[in-house]
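This briefing is meant to be read with the model open beside it, so that each residue can be found as it is mentioned. Please take the topics in order.

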Amino acid sequence: MRKLNIGLSEEQRTGVIELLNKDLANSYLLLIKTKKFHWDVVGPQFRSLHELWEEQYQTLTETIDSVAERVRALGGFPVGTAKGFVEYASIQEQADNVPLATEMVAQLVDDHEMIIRNLREHIDKCSEEFHDEGTADFLTGLMEGHEEMAWMLRSFIEGEALQADGKKSELDKVPAMR
């Protein structure tokens, strides 16, 4: 491969690629969980969650491709095996049961929030330690996407019931499931 001359040292690029591969692995495991819950959800929330998760896994698929392409643009190779994803990720698989719909939502909120925290740390490292403002900006966009997906999921389980006139019902407060 031709030596890159993009204003980053090999050490800087290697550090950024390592961070991006961690983000890629977390996004891929989150995609797997989201698809699994999309397939397994049952109950009165089935249709709304099934459709929401389809939207989210489509977004995650695009995000994953963008992260892998960013790794390649920096001269690296993206993680691309199940073993690699599990090794690099901080998200844990939960293959032992099929939780209730609200617990599925809560698990996905937790995973998105973990990714958001990791991305904040990676943004700072890209900017301060590796002086790669392009990747810091790229990761900021990813973080904003995860913030929106987490918000949509949190809204599902943390809302309050409303009466037909739009006023909050004192009897029907919906507690957060954690």
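F85 counts as buried in this predicted model, because its relative accessibility of 7% falls under the limit of 20%. Y28, its partner in an aromatic pair, is instead partly exposed, with a relative accessible area of 30%.

**Aromatic pairs**

- The rings of Y28 and F85 are stacked, with their centres 4.3 Å apart and an angle of 10° between the planes, and this angle is under the 30 degrees that stacking requires.
- F37 and W53 form an aromatic pair that is tilted, at 6.0 Å centre to centre and with 45° between the planes.
- This pair, too, links distant parts of the chain, with F37 in helix α1 and W53 in helix α2 (residues 46–73), 16 residues apart.
- Both F37 and W53 are buried.
- The count of aromatic pairs comes to two.

**A charge over a ring**

- The charged end of K35 is placed over the ring of Y57, at 4.5 Å from the centre of that ring.

**The largest pocket**

- The largest pocket has a volume of about 170 Å³, and its lining, sorted by class, is made up of six nonpolar, two polar and four charged residues.
- Among the lining residues are L29, I32, K33, K36, F37 and D40, together with E93, Q94, A95, N97, V98 and P99.

**E113 and its surroundings**

- E113 lies in helix α4 and counts as partly exposed, because its relative accessibility of 22% is not under the 20% limit for buried residues.
- Although E113 and E147 are 34 residues apart along the chain, their C-alpha atoms are separated by 7.5 Å.
- The side chain of E113 is also joined to the side chain of R154 by a polar contact of 2.9 Å.

- H131 is found in the loop between helices α4 (101–129) and α5 (133–158), and it counts as exposed because its relative accessible area of 53% is over 50%.

Definitions and conventions
Residues numbered from 1 in each chain as written. Predicted model: local features only at pLDDT ≥ 70, side-chain atom pairs only at ≥ 80, totals over all residues. Heavy atoms only, no water. Phe/Tyr/Trp six-rings, centres within 6.5 Å; stacked < 30°, edge-to-face > 60°. Buried < 20%, exposed > 50% of the residue type's maximum accessible area, 1.4 Å probe, protein only. Helix = DSSP H or I, 4+ residues; strand = E, 2+ residues; numbered from the N terminus. Lys NZ or Arg CZ within 6 Å of the ring centre and 35° of its normal. 1 Å grid on protein atoms, 1.4 Å probe; cavity = no way out; pocket = protein on both sides within 12 Å on 5 of 7 lines; lining within 4 Å. Points joined across faces, edges and corners; volume = space filled by probe spheres on them. Nonpolar A, V, L, I, M, F, W, Y, C, P; charged D, E, K, R; others polar. Polar contact = N/O pair within 3.5 Å; in protein donor to acceptor, adjacent residues only side chain to side chain.
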